[in-house]
Amino acid sequence: MQLALDLARRGEGRTRPNPAVGAVVARSGRILGKGFHPLAGEPHAEIFALREAGEACRGSDLYVTLEPCSHQGRTGPCTEAVIAAGVSRVFVGCSDPNPLVAGRGIERLRQPGIAVTTGLLEVPCRRLIAPFAKYIRSGLPYVILKTAMTLDGKTATATGDSKWITSEASRAYVHQCRNRFDGVMVGVGTVIADNPQLTVRGIADGRNPVRIIVDSTLRLPLSSRIFDEVQDAPLIIATTAQGARQKVELLRERGVEVVELPQEGDQVDLPALLTHLGHRGLQSVLLEGGAKLNGEMLRHKLVDRMMVFVAPRIVGGADAKGVFDGCGVAQMEQSVKLIDLRTSRFDDDFLIEGEVELCLPD
Ligand code: AOF
Ligand code: ZN
(Lines give C-alpha, C1' and ligand atoms only; values in the text may rest on other atoms or scores of the structure.)
(Ligands and ions follow the chains in the order given, each with its own letter.)
Protein backbone atom coordinates (compact mmCIF):
# COMPACT_ATOMS: atom_id res chain seq x y z
CA MET A 1 0.00 0.00 0.00
CA GLN A 2 2.92 2.31 0.66
CA LEU A 3 4.08 1.67 -2.88
CA ALA A 4 0.56 2.37 -4.16
CA LEU A 5 0.62 5.68 -2.26
CA ASP A 6 3.97 6.62 -3.77
CA LEU A 7 2.63 5.79 -7.23
CA ALA A 8 -0.53 7.84 -6.62
CA ARG A 9 1.56 10.91 -5.79
CA ARG A 10 2.89 10.90 -9.35
CA GLY A 11 -0.59 11.92 -10.47
CA GLU A 12 -1.13 14.56 -7.77
CA GLY A 13 -2.12 17.90 -9.27
CA ARG A 14 -2.80 16.32 -12.68
CA THR A 15 -6.00 14.38 -12.17
CA ARG A 16 -8.65 17.04 -11.53
CA PRO A 17 -11.54 16.67 -11.19
CA ASN A 18 -10.56 13.12 -10.24
CA PRO A 19 -8.55 12.03 -7.20
CA ALA A 20 -4.95 10.85 -7.30
CA VAL A 21 -5.00 7.05 -6.95
CA GLY A 22 -2.31 4.35 -6.94
CA ALA A 23 -2.59 0.57 -7.31
CA VAL A 24 -0.31 -2.46 -7.06
CA VAL A 25 -0.95 -6.10 -8.04
CA ALA A 26 1.18 -8.51 -6.00
CA ARG A 27 1.43 -12.14 -5.06
CA SER A 28 3.51 -13.79 -2.35
CA GLY A 29 5.59 -10.66 -1.92
CA ARG A 30 6.23 -10.20 -5.64
CA ILE A 31 5.08 -7.05 -7.42
CA LEU A 32 3.32 -8.01 -10.65
CA GLY A 33 1.79 -4.72 -11.77
CA LYS A 34 1.82 -1.04 -10.84
CA GLY A 35 -0.41 1.83 -11.83
CA PHE A 36 -1.58 5.32 -11.02
CA HIS A 37 -4.30 7.58 -12.36
CA PRO A 38 -2.48 10.09 -14.56
CA LEU A 39 -5.26 12.32 -15.88
CA ALA A 40 -9.07 12.53 -15.92
CA GLY A 41 -10.39 10.57 -18.91
CA GLU A 42 -7.41 8.18 -18.84
CA PRO A 43 -7.80 4.71 -17.28
CA HIS A 44 -7.92 4.44 -13.50
CA ALA A 45 -4.97 3.26 -11.43
CA GLU A 46 -6.23 -0.32 -11.07
CA ILE A 47 -6.56 -0.74 -14.83
CA PHE A 48 -2.89 0.07 -15.42
CA ALA A 49 -1.81 -2.29 -12.64
CA LEU A 50 -4.06 -5.13 -13.88
CA ARG A 51 -2.84 -4.67 -17.46
CA GLU A 52 0.80 -4.81 -16.43
CA ALA A 53 0.22 -8.01 -14.43
CA GLY A 54 -1.78 -9.60 -17.29
CA GLU A 55 -2.59 -13.27 -16.80
CA ALA A 56 -0.76 -13.26 -13.46
CA CYS A 57 -3.69 -11.36 -11.95
CA ARG A 58 -5.54 -14.64 -11.40
CA GLY A 59 -5.38 -15.42 -7.67
CA SER A 60 -3.35 -12.30 -6.89
CA ASP A 61 -3.76 -9.43 -4.39
CA LEU A 62 -4.66 -5.90 -5.41
CA TYR A 63 -3.66 -2.95 -3.25
CA VAL A 64 -5.43 0.29 -4.10
CA THR A 65 -5.35 3.61 -2.23
CA LEU A 66 -9.03 4.32 -3.01
CA GLU A 67 -12.03 2.04 -3.18
CA PRO A 68 -12.38 0.82 -6.79
CA CYS A 69 -15.18 2.61 -8.62
CA SER A 70 -18.37 0.75 -9.47
CA HIS A 71 -19.98 3.30 -11.77
CA GLN A 72 -19.74 4.24 -15.42
CA GLY A 73 -17.97 7.61 -15.64
CA ARG A 74 -15.57 8.81 -18.30
CA THR A 75 -14.21 5.26 -17.97
CA GLY A 76 -15.85 1.95 -17.11
CA PRO A 77 -16.22 0.54 -13.58
CA CYS A 78 -12.94 -0.78 -12.15
CA THR A 79 -14.80 -3.34 -10.03
CA GLU A 80 -15.78 -5.29 -13.16
CA ALA A 81 -12.20 -5.26 -14.45
CA VAL A 82 -10.91 -6.51 -11.06
CA ILE A 83 -13.49 -9.31 -10.99
CA ALA A 84 -12.84 -10.30 -14.62
CA ALA A 85 -9.09 -10.43 -13.98
CA GLY A 86 -9.62 -13.05 -11.27
CA VAL A 87 -8.05 -11.14 -8.37
CA SER A 88 -8.54 -13.02 -5.06
CA ARG A 89 -8.01 -10.34 -2.44
CA VAL A 90 -8.34 -6.56 -2.52
CA PHE A 91 -6.80 -4.21 0.06
CA VAL A 92 -8.36 -0.75 0.07
CA GLY A 93 -6.82 2.39 1.62
CA CYS A 94 -10.00 4.43 2.00
CA SER A 95 -13.55 4.55 0.74
CA ASP A 96 -14.53 6.79 -2.18
CA PRO A 97 -16.39 9.95 -1.03
CA ASN A 98 -17.98 10.21 -4.50
CA PRO A 99 -21.71 9.59 -3.83
CA LEU A 100 -21.80 7.51 -7.03
CA VAL A 101 -19.41 5.02 -5.40
CA ALA A 102 -19.41 5.47 -1.56
CA GLY A 103 -19.05 1.83 -0.49
CA ARG A 104 -20.74 0.29 -3.53
CA GLY A 105 -17.35 -0.58 -5.03
CA ILE A 106 -16.38 -2.63 -1.98
CA GLU A 107 -19.82 -4.26 -1.87
CA ARG A 108 -19.65 -5.20 -5.54
CA LEU A 109 -16.21 -6.82 -5.14
CA ARG A 110 -17.48 -8.97 -2.25
CA GLN A 111 -20.41 -10.33 -4.28
CA PRO A 112 -18.38 -12.90 -6.26
CA GLY A 113 -16.37 -13.75 -3.13
CA ILE A 114 -13.32 -11.49 -3.36
CA ALA A 115 -11.87 -10.93 0.14
CA VAL A 116 -11.83 -7.17 0.66
CA THR A 117 -9.87 -5.58 3.52
CA THR A 118 -10.46 -1.88 4.09
CA GLY A 119 -8.57 0.84 5.95
CA LEU A 120 -5.00 -0.18 5.15
CA LEU A 121 -2.84 2.96 5.69
CA GLU A 122 -6.14 4.79 5.83
CA VAL A 123 -4.80 8.08 7.28
CA PRO A 124 -2.29 8.86 4.51
CA CYS A 125 -4.73 7.53 1.88
CA ARG A 126 -7.41 9.92 3.14
CA ARG A 127 -4.95 12.77 3.34
CA LEU A 128 -4.01 12.15 -0.28
CA ILE A 129 -7.58 12.58 -1.48
CA ALA A 130 -8.52 15.39 0.95
CA PRO A 131 -8.80 17.91 -1.95
CA PHE A 132 -11.05 15.56 -3.93
CA ALA A 133 -13.15 14.79 -0.84
CA LYS A 134 -13.76 18.46 -0.08
CA TYR A 135 -14.40 19.29 -3.70
CA ILE A 136 -16.92 16.53 -4.29
CA ARG A 137 -18.78 17.39 -1.08
CA SER A 138 -18.82 21.20 -1.40
CA GLY A 139 -17.77 22.15 -4.93
CA LEU A 140 -15.03 24.28 -3.35
CA PRO A 141 -11.29 23.81 -3.72
CA TYR A 142 -9.26 22.54 -0.77
CA VAL A 143 -7.07 25.36 0.47
CA ILE A 144 -3.68 25.00 2.11
CA LEU A 145 -2.27 28.16 3.56
CA LYS A 146 1.52 28.17 3.29
CA THR A 147 3.57 30.70 5.15
CA ALA A 148 7.08 31.22 6.44
CA MET A 149 7.88 33.09 9.60
CA THR A 150 10.62 33.82 12.08
CA LEU A 151 10.63 32.45 15.61
CA ASP A 152 8.85 35.65 16.69
CA GLY A 153 6.07 35.10 14.15
CA LYS A 154 7.16 37.71 11.59
CA THR A 155 7.08 37.41 7.82
CA ALA A 156 9.00 40.61 7.11
CA THR A 157 11.02 43.25 8.90
CA ALA A 158 9.49 46.64 9.74
CA THR A 159 10.94 47.99 6.46
CA GLY A 160 9.11 45.26 4.55
CA ASP A 161 12.16 43.16 3.70
CA SER A 162 11.02 39.55 3.48
CA LYS A 163 13.55 37.89 1.18
CA TRP A 164 15.10 34.66 2.38
CA ILE A 165 13.43 34.03 5.70
CA THR A 166 13.67 30.30 5.11
CA SER A 167 16.38 28.00 3.83
CA GLU A 168 16.86 26.92 0.24
CA ALA A 169 15.59 23.44 1.17
CA SER A 170 12.29 24.92 2.40
CA ARG A 171 11.90 26.97 -0.75
CA ALA A 172 12.58 23.93 -2.93
CA TYR A 173 9.86 22.07 -1.05
CA VAL A 174 7.40 24.89 -1.79
CA HIS A 175 8.09 24.39 -5.49
CA GLN A 176 7.27 20.71 -5.06
CA CYS A 177 3.97 21.72 -3.46
CA ARG A 178 3.12 24.14 -6.26
CA ASN A 179 3.75 21.30 -8.68
CA ARG A 180 1.10 19.20 -6.89
CA PHE A 181 -1.53 21.92 -6.53
CA ASP A 182 -4.09 22.98 -9.12
CA GLY A 183 -3.82 26.63 -8.14
CA VAL A 184 -1.64 29.05 -6.21
CA MET A 185 -3.20 32.24 -4.85
CA VAL A 186 -1.89 35.53 -3.46
CA GLY A 187 -3.17 39.03 -2.78
CA VAL A 188 -2.08 41.87 -5.02
CA GLY A 189 -0.10 43.45 -2.16
CA THR A 190 2.22 40.43 -2.18
CA VAL A 191 2.73 40.74 -5.94
CA ILE A 192 3.58 44.43 -5.57
CA ALA A 193 5.91 43.84 -2.62
CA ASP A 194 7.75 40.70 -3.81
CA ASN A 195 7.23 40.66 -7.60
CA PRO A 196 6.96 36.84 -7.58
CA GLN A 197 6.44 34.53 -10.57
CA LEU A 198 4.54 31.84 -8.64
CA THR A 199 5.72 29.22 -11.10
CA VAL A 200 7.32 25.81 -10.53
CA ARG A 201 11.07 25.84 -10.94
CA GLY A 202 13.77 23.21 -10.56
CA ILE A 203 11.52 20.16 -10.89
CA ALA A 204 11.79 17.63 -13.71
CA ASP A 205 8.40 17.29 -15.47
CA GLY A 206 7.12 20.15 -13.34
CA ARG A 207 3.95 21.86 -14.41
CA ASN A 208 2.71 25.25 -13.30
CA PRO A 209 -0.41 25.67 -11.21
CA VAL A 210 -3.06 28.17 -12.26
CA ARG A 211 -2.03 31.45 -10.62
CA ILE A 212 -4.75 33.50 -8.94
CA ILE A 213 -4.29 37.09 -7.83
CA VAL A 214 -6.88 38.82 -5.71
CA ASP A 215 -6.92 42.47 -6.75
CA SER A 216 -10.21 44.27 -5.99
CA THR A 217 -9.24 47.55 -7.71
CA LEU A 218 -6.83 46.22 -10.39
CA ARG A 219 -3.78 47.99 -9.04
CA LEU A 220 -1.44 45.24 -10.25
CA PRO A 221 1.41 46.95 -12.20
CA LEU A 222 1.62 45.83 -15.82
CA SER A 223 5.40 45.56 -15.43
CA SER A 224 5.06 42.71 -12.87
CA ARG A 225 7.02 39.53 -13.57
CA ILE A 226 3.78 37.60 -13.11
CA PHE A 227 2.97 38.42 -16.76
CA ASP A 228 6.19 36.86 -18.11
CA GLU A 229 4.88 33.32 -18.54
CA VAL A 230 1.13 33.62 -19.05
CA GLN A 231 1.30 31.04 -21.87
CA ASP A 232 2.78 28.33 -19.63
CA ALA A 233 1.24 29.39 -16.35
CA PRO A 234 -2.38 30.50 -16.60
CA LEU A 235 -3.16 33.66 -14.70
CA ILE A 236 -6.52 34.58 -13.18
CA ILE A 237 -7.05 38.04 -11.72
CA ALA A 238 -10.02 38.21 -9.38
CA THR A 239 -11.40 41.71 -9.20
CA THR A 240 -14.62 43.67 -8.62
CA ALA A 241 -16.56 46.34 -10.50
CA GLN A 242 -14.02 48.81 -9.06
CA GLY A 243 -11.40 47.60 -11.57
CA ALA A 244 -11.00 50.06 -14.46
CA ARG A 245 -12.57 48.76 -17.72
CA GLN A 246 -9.57 49.83 -19.73
CA LYS A 247 -7.20 47.85 -17.51
CA VAL A 248 -9.45 44.80 -17.80
CA GLU A 249 -9.09 45.00 -21.59
CA LEU A 250 -5.31 45.46 -21.40
CA LEU A 251 -5.01 42.42 -19.16
CA ARG A 252 -7.22 40.29 -21.37
CA GLU A 253 -5.08 41.22 -24.38
CA ARG A 254 -2.14 39.74 -22.50
CA GLY A 255 -3.95 36.45 -22.09
CA VAL A 256 -4.99 37.01 -18.49
CA GLU A 257 -8.35 35.70 -17.32
CA VAL A 258 -9.99 38.62 -15.52
CA VAL A 259 -12.93 37.59 -13.34
CA GLU A 260 -15.24 40.24 -11.99
CA LEU A 261 -16.78 39.11 -8.71
CA PRO A 262 -19.25 40.54 -6.20
CA GLN A 263 -17.83 42.71 -3.43
CA GLU A 264 -17.84 42.34 0.30
CA GLY A 265 -17.25 45.88 1.51
CA ASP A 266 -14.69 47.07 -1.04
CA GLN A 267 -12.98 43.68 -1.25
CA VAL A 268 -13.45 40.69 -3.52
CA ASP A 269 -16.11 38.39 -2.04
CA LEU A 270 -13.89 35.43 -1.18
CA PRO A 271 -16.57 32.72 -0.93
CA ALA A 272 -17.72 33.82 -4.41
CA LEU A 273 -14.13 33.57 -5.67
CA LEU A 274 -13.68 30.08 -4.25
CA THR A 275 -17.01 29.02 -5.79
CA HIS A 276 -15.77 30.35 -9.13
CA LEU A 277 -12.48 28.46 -8.83
CA GLY A 278 -14.46 25.31 -8.00
CA HIS A 279 -16.60 25.75 -11.12
CA ARG A 280 -13.43 26.17 -13.08
CA GLY A 281 -12.41 22.72 -11.85
CA LEU A 282 -9.68 23.68 -9.38
CA GLN A 283 -9.61 21.09 -6.62
CA SER A 284 -6.69 22.41 -4.58
CA VAL A 285 -5.26 25.87 -4.00
CA LEU A 286 -2.06 26.84 -2.23
CA LEU A 287 -2.59 30.19 -0.52
CA GLU A 288 0.70 32.05 -0.25
CA GLY A 289 -0.29 35.32 1.47
CA GLY A 290 -0.21 38.14 2.20
CA ALA A 291 -1.33 38.74 5.74
CA LYS A 292 -4.58 40.43 4.77
CA LEU A 293 -5.75 37.71 2.39
CA ASN A 294 -4.63 35.03 4.87
CA GLY A 295 -6.69 36.67 7.62
CA GLU A 296 -9.76 37.08 5.43
CA MET A 297 -9.61 33.54 4.08
CA LEU A 298 -9.35 32.20 7.61
CA ARG A 299 -12.21 34.40 8.83
CA HIS A 300 -14.39 33.02 6.04
CA LYS A 301 -13.45 29.45 7.03
CA LEU A 302 -12.04 28.84 3.60
CA VAL A 303 -8.70 27.43 4.80
CA ASP A 304 -8.52 23.65 5.27
CA ARG A 305 -4.90 23.08 6.15
CA MET A 306 -1.80 25.06 7.04
CA MET A 307 1.87 24.64 6.31
CA VAL A 308 3.96 26.95 8.46
CA PHE A 309 7.72 27.11 8.01
CA VAL A 310 9.45 28.46 11.11
CA ALA A 311 12.99 29.76 10.61
CA PRO A 312 15.35 30.09 13.59
CA ARG A 313 15.61 33.88 13.35
CA ILE A 314 14.29 36.77 15.35
CA VAL A 315 13.37 40.05 13.69
CA GLY A 316 11.93 41.90 16.68
CA GLY A 317 10.09 45.20 16.74
CA ALA A 318 6.41 45.94 17.12
CA ASP A 319 6.07 47.11 13.48
CA ALA A 320 7.39 43.97 11.78
CA LYS A 321 4.72 42.12 9.81
CA GLY A 322 2.94 39.02 11.07
CA VAL A 323 1.26 36.18 9.19
CA PHE A 324 -2.36 37.25 9.72
CA ASP A 325 -3.96 40.66 9.60
CA GLY A 326 -7.49 41.52 10.62
CA CYS A 327 -8.88 42.02 14.07
CA GLY A 328 -8.04 38.60 15.47
CA VAL A 329 -10.00 37.01 18.29
CA ALA A 330 -10.52 38.37 21.80
CA GLN A 331 -10.22 35.15 23.74
CA MET A 332 -7.66 32.38 23.40
CA GLU A 333 -10.63 30.03 23.45
CA GLN A 334 -11.78 31.50 20.10
CA SER A 335 -8.42 31.02 18.40
CA VAL A 336 -8.11 28.85 15.30
CA LYS A 337 -6.70 25.47 16.18
CA LEU A 338 -4.71 23.04 14.07
CA ILE A 339 -5.15 19.31 14.53
CA ASP A 340 -3.56 16.18 13.01
CA LEU A 341 -0.18 17.88 13.44
CA ARG A 342 3.00 16.88 11.68
CA THR A 343 6.47 18.38 11.85
CA SER A 344 9.42 18.02 9.53
CA ARG A 345 12.76 19.68 9.08
CA PHE A 346 14.28 21.48 6.08
CA ASP A 347 17.86 22.45 6.93
CA ASP A 348 17.44 24.74 9.94
CA ASP A 349 13.73 25.36 9.41
CA PHE A 350 10.87 23.45 10.97
CA LEU A 351 7.70 22.84 9.03
CA ILE A 352 4.55 22.56 11.11
CA GLU A 353 1.53 21.25 9.25
CA GLY A 354 -2.00 20.68 10.40
CA GLU A 355 -5.62 20.54 9.49
CA VAL A 356 -7.74 23.53 10.52
CA GLU A 357 -10.20 22.27 13.11
CA LEU A 358 -13.59 22.01 11.47
CA CYS A 359 -15.72 23.82 14.04
CA LEU A 360 -14.05 27.20 13.76
CA PRO A 361 -15.42 29.85 16.12
CA ASP A 362 -17.68 32.53 14.59
C1 AOF B 1 -10.79 4.38 -9.06
N2 AOF B 1 -9.53 4.47 -9.50
O3 AOF B 1 -7.79 5.63 -10.28
C4 AOF B 1 -9.76 6.79 -9.82
C5 AOF B 1 -11.08 6.68 -9.31
O6 AOF B 1 -14.97 9.69 -14.93
P7 AOF B 1 -14.14 8.54 -14.46
O8 AOF B 1 -14.54 7.24 -15.07
O9 AOF B 1 -12.66 8.80 -14.55
O10 AOF B 1 -14.47 8.36 -12.90
C11 AOF B 1 -14.10 9.33 -11.98
C12 AOF B 1 -14.52 8.89 -10.59
O13 AOF B 1 -13.92 7.64 -10.29
C14 AOF B 1 -14.03 9.85 -9.52
O15 AOF B 1 -15.02 10.81 -9.23
C16 AOF B 1 -13.79 8.91 -8.34
O17 AOF B 1 -15.01 8.62 -7.68
C18 AOF B 1 -13.30 7.66 -9.03
N19 AOF B 1 -11.85 7.75 -9.22
N20 AOF B 1 -11.53 5.48 -8.93
O21 AOF B 1 -11.27 3.29 -8.80
C22 AOF B 1 -8.97 5.62 -9.88
N23 AOF B 1 -9.25 7.96 -10.23
ZN1 ZN C 1 -12.18 3.23 -11.32
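How many aromatic pairs does the structure hold? There are 4 aromatic pairs, where rings of Phe, Tyr and Trp (its six-membered ring) pair if their centres lie within 6.5 Å. Planes under 30 degrees apart count as stacked, those over 60 as edge-to-face and the rest as tilted. In the pair of Y173 and F309, the ring centres are 6.4 Å apart and the planes stand at 70 degrees, so this pair is edge-to-face. Distant parts of the chain are linked in this way, since Y173 belongs to helix 7 (residues 168-180) and F309 to strand 15 (residues 305-311), 136 residues apart. Helices (H or I, at least four residues) and strands (E, at least two) are DSSP runs, numbered from the N terminus.

The model is predicted: local features need pLDDT of at least 70 and side-chain atom pairs count only at pLDDT 80 or more, while totals for chains, interfaces and linings use all residues. Residues are numbered from 1 along each chain as its sequence is written, chains are lettered from A and ligands numbered from 1 in the order in which they are written, and side-chain values use heavy atoms, with hydrogens and water left out.

Turning to the overall layout, the protein is divided into domain 1 (2-128) and domain 2 (139-359), with bounds from an automatic or database domain assignment. Their C-alpha centres lie 34 Å apart. At the interface, 7 residues of domain 1 are in contact with 14 residues of domain 2, contact meaning heavy atoms within 4.5 Å. The two domains bury about 850 Å² between them, of which carbon and sulfur atoms give 33%; buried area is the accessible area (1.4 Å probe) that two parts lose on being put together, summed over both. On the side of domain 1, R14, R16 and R127 lose the most area to domain 2, together 66% of what that side buries.

Across this interface the rule finds 3 salt bridges, each a side-chain nitrogen of Lys or Arg within 4 Å of a carboxyl oxygen of Asp or Glu. Elsewhere in the description of charged groups, the side chains of R180 and E12 meet in a salt bridge (3.2 Å, N to O).

Finally, some backbone details deserve a look. The peptide bond from R16 to P17 is cis, with omega near 5 degrees, and P17 sits in the loop between helix 1 (2-9) and strand 1 (22-27). Another cis peptide bond joins G289 and G290, with omega about -5 degrees; G290 is in the loop between strand 14 (284-287) and helix 11 (291-299).
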